[in-house]
Amino acid sequence: MMNLATDWRELLADEFEKDYMLSLQAFLDDANSQQKIIYPQPDDYFTALNSTPFNKVKVVILGQDPYHGEGQAHGLSFSVKPGVKVPPSLVNIYKELEADLGISPVQHGFLKSWAEQGVLLLNSVLTVEAGNAGSHQKKGWELFTDRIIELINQEHDGIVFMLWGAYAQKKGRHIDREKHCVLESVHPSPLSVYRGFFGCRHFSQANSYLESNGKTPINWKLEPLLETNEQIELLL
């Protein structure tokens, strides 16, 4: 909890006293004692929340697990650190952005500028063992992120939820469709992208909905990064 900042800390304080979170902490402590490599780094577990305060949330993009390759995960769903190759699903997200809004793809996968505008890039599970996809599922993180979604659903109005794939759609099944905009599609993975993600136009739909509710639309255009070591450190 010490790494959790902004207004989320007060909202989620009670969760850290619950049995499931104590069990999760014990699981992570045990993994560390066995010298297992866990992604992302502990300082980045709550990057999504720290980058997008509760009172700033406009859009929620739900992911599943962090990337499990070296240097990829940094706490934002679908995003990778500067200097890391853009993953295939994000490549497809960029392609849809270009088709939808005419935004040309950039050569990096660092999505923090979206998060800072109010796009909560939330994975369902916030940690993973290196090279072992799904290894931290059903250890408690899902209950924690369910609570995050519940708070947004209850306390906000006019939020756009982007639910890509069956996993995200199941997690978002309790979202109130009367007070929020829920956009659903297949996952942007290369395995499914041609079955409905391409052509979904979620980015333009999200902005139209935000504007219709008196909110500033998201600037989905990402700027190129000048990837010197010093600048990367400042970005992170």
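Contact here means heavy atoms within 4.5 Å, and helices (H or I, at least four residues) and strands (E, at least two) are DSSP runs numbered from the N terminus. Welcome to this predicted model, in which local features need pLDDT of at least 70, side-chain atom pairs count only at pLDDT 80 or more, and totals for chains, interfaces and linings use all residues. Residues are numbered from 1 along each chain as its sequence is written, and side-chain values use heavy atoms, with hydrogens and water left out.

**The sheet and its helices**

- Strand 5 (residues 160-164) joins strand 6 in the parallel sense over five bridges, and W164 stands opposite S185 in strand 6.

**The nonpolar core**

- A nonpolar core is a set of buried Ala, Val, Leu, Ile, Met, Phe, Trp, Tyr and Cys residues joined through side-chain atoms within 4.5 Å.
- The largest such core has 71 residues, and W8, L120, W141, F144, I152 and W220 have the most contacts inside it.
- Helix 6 gives the most to this core, with six residues.
- Leaving aside residues up to four places away in sequence, W220 touches several residues, including V59, I61, M162 and F203.

**Spots worth a look in the loops**

- Buried means under 20% relative accessible area, exposed over 50%, and partly exposed in between (1.4 Å probe, protein chains only).
- H108 sits in the loop between helix 4 (88-101) and helix 5 (112-116), and counts as buried because its relative accessibility is 3%.
- Most residues other than glycine have a negative phi, and most peptide bonds are trans.
- The peptide bond from Y39 to P40 is cis, with omega near -10 degrees.
- K138, in the loop between strand 4 (128-129) and helix 6, has a positive phi near 60 degrees and is exposed at 78% relative accessibility.
- R201, in the loop between strand 6 and helix 8, also has phi near 60 degrees and is partly exposed at 41%.

Terms used. Two strands pair if DSSP finds at least two bridges between them.
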